[in-house]
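Subject: Structure handover

Hello,

Here is the structure for you to look at. Please open it beside this email, and then read on for what turned up.

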Amino acid sequence: MTMAKYLTASYFELLSILLIWILGFCSGHGKDNSTVQIPLLDIQHVPLVALFDTTNLNKVLTTYITSTVEKTTEDKISNMKNDLLKDINKDLSRTDEKPAFSASRTSSKSLGLNEVLTFDKVWLNIGNGYEPSTGVFTVPKDGIYFISNTVMSTKGKFLHCHLWRNNESNVGSFGTDYSSGTLNTVMALRKGDTIYIKHDVYNNESIYGGHWSMFSGYLIN
């Protein structure tokens, strides 16, 4: 056999060794794959068996696979972090939009004299001007605002309310026996003004919940 043919045969034998080892590595299911036996033919075509030690190759492949998985994981985490930061920055940037809020009342309540009404379920609060625990909208920037309020009375009860700006009473609303009173108004407001709905000086009146009573507003210009 010529040297060229010998080298070619050796080349294919080496490829066969690698292919058989990879197949054995993938299907070993926990068996010891540190060595592999490969049937060969020498240049005289006499059957031989070669024993190859694959320990170092195992280490190289393990290191490569581990580093690849770690790199892929780091890339995915980095991408997730960047996406999350984009979402957070997008939400924070909404403070630059026109202020707007909308809230409704969850439960019914008997009202005291001059009690400020609270609307605990917040549906929208761009600019964070509305505070559900107090029922007060603090104007975040100067402008012309549209303000709306609807209140529903409970069974057999009256309900008298007014819109207040700072310490000054404005337009009012009235309801009785499950009927609703609604007010809508346009106001020129200054940053820091407080807007809220206050119960009038009447005894034994109640507001109905279930999201039938609401308070909202937004900047027009």
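**Ser216 and its strand**

Ser216 belongs to strand E14. Keep in mind that this is a predicted model. Is Ser216 buried or exposed? Its relative accessibility is 13%, so Ser216 counts as buried, the cut-off being under 20%. Leaving aside residues up to four places away in sequence, Ser216 touches Phe101, Ser102, Phe146, Ile147 and Ser148.

**The sheet around it**

Strand E14 is part of an open sheet of five strands. The order is E5-E3-E14-E8-E11, and the pairing is antiparallel. Which strands stand at the edges? They are E5 (121–126) and E11 (180–189). Each has a single partner strand, so one side of each has no neighbour in the sheet. On average, neighbouring strands here are turned by 5° against each other, direction ignored.

Now look at E8 and E14. These two run antiparallel, and six bridges join them. Find Ile147, too: its bridge partner in E14 is Gly217.

**Aromatic pairs**

How many aromatic pairs does a search of the whole structure find? The count is 10. Take Phe146 and Tyr218 as one case. Their ring centres are 5.5 Å apart. Their planes stand at 40°, so this pair is tilted; stacked would need under 30 degrees, and edge-to-face over 60. Phe146 sits in strand E8 (residues 143–152) and Tyr218 in strand E14 (residues 214–219). Phe146 is partly exposed, with a relative accessible area of 24%. Tyr218 is also partly exposed, at 41%.

Next come Trp164 and Tyr196. This aromatic pair is stacked, with 6.4 Å from centre to centre and 10° between the planes. It also links distant parts of the chain: Trp164 is in strand E9 (residues 158–165), Tyr196 is in strand E12 (residues 194–199), and 32 residues separate them. Both Trp164 and Tyr196 are buried.

Phe101, Phe119, Tyr130, Phe137, Tyr145 and Phe215 form one aromatic cluster.

**Charges over rings**

What sits over the ring of Trp164? It is the charged end of Lys198, 4.0 Å from the ring centre. Lys121 lies over the face of Trp123, at 5.0 Å from the ring centre.

Best wishes

Methods
Residues are numbered from 1 along each chain as its sequence is written. This is a predicted model: local features need pLDDT of at least 70, side-chain atom pairs count only at pLDDT 80 or more; totals for chains, interfaces and linings use all residues. Side-chain values use heavy atoms; hydrogens and water are left out. Rings of Phe, Tyr and Trp (its six-membered ring) pair if their centres lie within 6.5 Å; planes under 30 degrees apart count as stacked, over 60 as edge-to-face and the rest as tilted. Helices (H or I, at least four residues) and strands (E, at least two) are DSSP runs, numbered from the N terminus. Buried means under 20% relative accessible area, exposed over 50%, partly exposed in between (1.4 Å probe, protein chains only). A charge sits over a ring if NZ of Lys or CZ of Arg is within 6 Å of the ring centre and within 35 degrees of the ring normal. Contact means heavy atoms within 4.5 Å. Two strands pair if DSSP finds at least two bridges between them. Axes are lines fitted to C-alpha atoms, for helices over the stretch in contact, and angles run from 0 to 180 degrees between N-to-C directions.
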